[in-house]
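I opened the model to look up its cavity, its helix packing and a few backbone details. These are my entries.

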Amino acid sequence: MKYITTVNGQEYIIEIDQKTEITVNGERHGVDFQQLAESGTLSLLIDNRSLEAIVEEREDAWEVLLHGELYAVHVQDERAYRLAQARGKLSDASEAVVIRSPMPGLILDVLVEEGAHIGQGQTVVILESMKMENELRAGRDGVVTRVHVGKGDSVEKNQELIAIGDAEEIKEQQ
Amino acid sequence: MDNLLIQKFDKVLIANRGEIAVRIQRACHKLGLQTIAVYSDADRNALHVRYADEAYNIGPPPATESYLVIDRLIDVAKKSGAEAVHPGYGFLAERADFAQACYDAGLVFIGPSPKAIAAMGDKQLARQTVRAAGVSVVPGTDPGLSDDELIAAAEKIGFPLLVKAAAGGGGKGMRPVHEAGSLSNALAGARREATAAFGDGTVYLEKMISDARHIEIQVLGDSQGNVIHLGERECSLQRRHQKVIEEAPSFVVDDELRRQMGEVAIAAARAVDYVNAGTVEFLVDRDKNFYFLEMNTRVQVEHPVTELVTGVDIVQEQLRVARGRRLRYLQDQVKLKGWAIECRINAEDPYHDFVPSTGTITAIGLPTGPGIRVDTGLYEGHTVTPYYDSMISKLICYGETRGEAVLRMRRALEEYRIMGVKTNIPFHQHMMESHRFLSGQFDTRFVEERFSMSEREIHDELEAAIFATLVAHQRSQRASQIVAPGERDTSNWKWYTRWERLQR
């Protein structure tokens with residue numbers, strides 16, 4: 001099986017055809033891969049280099065905890081990868097970015113209005129949780145297309161707060 | 001005389017949760033004292049409940065409806081036959097009315113007198129008191145002024161300055177202000193946060209000392225009037241005025257400065273007839289002038305670093321002196337040996353502005369080995385909720401030298417596995433590799449202004465990719481063995497999950 005695996009924007013082509021060997025970007029490596037009991041703890045000997053990690057499946061990615069760092073890893077087999085590529089070309093760039101609540105809490109303030117031009121890193125919402133005020137920032141430049149919440153609202157984890165679209169796209173629509 | 005005071009209590013109610021409740025229980029059990037835990041609905045399965053001799057529910061998850069309700073705690077004490085109360089840190093630990101309520105109910109409050117708490121808790125009175133004892137303080141205002149009065153006073157003090165909550169601690173209700181224009185917003189924010197955290201929105205202003213280090217002195221006092229200090233803790237590494245890394249001793253404190261600061265700390269404690277454990281916080285400027293900031297009238301989060309370099313079990317001493325015993329140490333018996341560093345492990349995402357992370361812990365592996373101590377309330381299945389502080393664990397490492405402590409910390413951070421929430425472990429790893437940290441060149445603004453996670457180099461992307469791909473492959477192989485390709489009407493993943501459920 002051939003997989004295209006993405007970590008932090010870096011793609012790796014990984015082929016797995018037998019138990020004791022894999023190919024990464026065309027290079028062969030000997031592997032011994034063991035799952036420890038029920039937990040997600042895994043032991044890997046890659047060319048006899050010993051590594052331990054915890055791997056768990058999340059909604060949108062695999063989470064890998066390795067040497068203290070938590071990696072979000074996307075694994076696609078060849079077919080799924082091609083499909084995603086085809087779809088990606090049509091929509092990717094113009095898709096609105098949604099700022100979601102990272103945790104349950106109380107909206108203390110919404111600092112932007114619909115139609116406002118905002119820059120990456122700009123604070124858009126102040127959320128109170130864990131007894132602290134948390135400033136939620138825009139992950140990209142753009143225009144606020146939707147504001148889903150107001151001051152004083154209680155929000156759940158992952159609830160949509162603000163949608164951000166492209167400035168050009170908004171102009172086209174108008 | 002001393003004997004008569006022994007055994008004043010045998011049963012201790014611990015009015016707290018999380019790692020500190022567990023820490024206090026350990027000290028109690030060591031002294032043969034029984035422990036009473038209290039818990040909110042969110043904490044039924046917590047370690048502090050399971051490790052206690054008895055446990056009582058005190059209400060819904062929000063602290064204002066459980067851990068902060070004095071009457072309920074006193075009720076539990078009466079119901080359970082507890083004879084003493086340990087408040088831990090945070091929650092009611094620095095509330096004179098709580099200490100008073102304990103005394104009124106005939107309970108021993110394991111801490112200083114309500115009068116001492118009130119004197120040090122009222123920041124202005126604290127400043128006056130220590131000033132009278134000859135201690136320098138940072139310029140600032142009285143608490144309790146209106147916003148207009150504070151705005152007027154700010155111009156005299158000058159910018160930058162800090163808005164601080166009178167009832168504050170741990171950075172809550174605190175705001176740095178760099179110019180007059182943003183002062184009124186900062187006042188509103190600080191008041192809001194202070195009201196939520198302490199039920200008291202009173203604030204005051206304090207001048208910000210630049211290039212300052214935050215260094216504090218641990219003191220211990222007994223009811224016979226003995227007060228000693230256990231040296232300093234370096235707490236300059238802070239984010240949003242929350243300490244993140246502490247160490248003992250400090251890079252910049254030599255024997256002479258330690259002696260001076262220790263004497264001043266003892267004078268501050270004596271000024272309020274201090275009994276039990278307390279901490280006197282100072283700002284130390286580049287020329288090693290030090291200014292009294294405040295006194296925390298409770299055990300500190302970072303007390304373990306002092307325990308490791310002095311060998312004194314601070315919580316055990318708290319219990320002993322609360323029972324009327326003499327301190328076990330004279331000042332000249334306190335010797336610092338080696339170096340200790342503490343990293344506060346918080347459930348937050350260091351790569352996204354340290355936004356808190358909530359969720360259920362799916363796997364946990366603690367680091368072990370020589371020179372390593374972990375204080376935590378974590379367990380598999382524990383849910384990190386938004387109701388309480390995001391600090392989920394403390395990792396403390398000891399070494400003969402600072403270098404050795406750092407090397408142990410690096411190894412321990414790498415070994416610590418917490419799955420289910422994001423943690424700031426990568427932040428600590430990055431710090432333990434930072435040249436500025438290694439050479440001790442930092443002040444209280446270092447973390448926020450000159451330290452960036454974006455400079456962190458990560459080396460294991462390829463390995464992470466291989467791990468995830470191997471697991472994904474293994475799953476799809478198993479799934480395809482259950483249903484032949486082409487016959488399934490849904491994805492392999494779903495089939496695999498169903499198959500897994502059938503196996504249970």
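**Cavity lining.** I sorted the lining of the largest cavity by class and got seven nonpolar, five polar and one charged residues. My classes: Ala, Val, Leu, Ile, Met, Phe, Trp, Tyr, Cys and Pro are nonpolar, Asp, Glu, Lys and Arg are charged, and the others, Gly among them, are polar. The lining of this cavity has 13 residues, and Pro87(B), Ile110(B), Gly111(B), Thr297(B) and Arg298(B) lie nearest its centre. I put the volume of the largest cavity at about 40 Å³. The count is one cavity of 30 Å³ or more. A cavity here is a set of points, on a 1 Å grid over the protein atoms alone, where a 1.4 Å probe fits but cannot get out; lining residues have an atom within 4 Å of a point. Grid points are joined across faces, edges and corners, and the volume is the space filled by probe spheres set on the points.

**Ground rules.** This is a predicted model, with local features needing pLDDT of at least 70 and side-chain atom pairs counting only at pLDDT 80 or more, while totals for chains, interfaces and linings use all residues. Residues are numbered from 1 along each chain as its sequence is written, chains are lettered from A and ligands numbered from 1 in the order in which they are written, and side-chain values use heavy atoms, with hydrogens and water left out.

**Helix pair α4(B) and α5(B).** I looked up the packing of α4 (residues 70–80) and α5 (residues 96–104) of chain B: the angle is about 30° and the axes are 10 Å apart. Helices (H or I, at least four residues) and strands (E, at least two) are DSSP runs, numbered from the N terminus. Axes are lines fitted to C-alpha atoms, for helices over the stretch in contact, and angles run from 0 to 180 degrees between N-to-C directions. So α4(B) and α5(B) are roughly parallel. Angles under 35 degrees count as roughly parallel, over 145 as roughly antiparallel, 65 to 115 as roughly perpendicular and the rest as oblique. On α4(B), Ile70(B), Leu73(B) and Ile74(B) make the contact; on α5(B), Asp97(B), Phe98(B), Ala101(B) and Cys102(B) do. Contact means heavy atoms within 4.5 Å. I count six nonpolar, no polar and one charged residues in the contact of α4(B) with α5(B).

**Helix pair α6(B) and α7(B).** How far apart are the axes of α6(B) and α7(B)? They are 5 Å apart, at an angle of about 95°, for α6 (residues 114–121) and α7 (residues 123–132) of chain B. That makes α6(B) roughly perpendicular to α7(B). Ala119(B), Met120(B) and Gly121(B) of α6(B) touch Lys123(B), Leu125(B), Ala126(B) and Val130(B) of α7(B). By class, this contact has five nonpolar, one polar and one charged residues.

**Helix pair α2(B) and α12(B).** Helices α2 (residues 18–30) and α12 (residues 314–322) of chain B pack at about 60°, with axes 9 Å apart. They are therefore oblique to each other. Arg23(B), Ile24(B), Ala27(B), Cys28(B) and Lys30(B) in α2(B) meet Ile314(B), Val315(B), Gln316(B) and Leu319(B) in α12(B). I sorted this contact into six nonpolar, one polar and two charged residues.

**Backbone.** The Phe159(B) to Pro160(B) peptide bond is cis, with omega near -5°. Pro160(B) sits in the loop between α8 (147–157) and β6 (161–165) of chain B. Ala248(B) and Pro249(B) are also joined by a cis peptide bond, with omega about -5°. I found Pro249(B) in the loop between β11 (242–248) and α10 (255–271) of chain B. Asn276(B) has a positive phi, near 85°, and is not a glycine. It lies in strand β12 (residues 276–284) of chain B.

Notes
1 Å grid on protein atoms, 1.4 Å probe; cavity = no way out; pocket = protein on both sides within 12 Å on 5 of 7 lines; lining within 4 Å.
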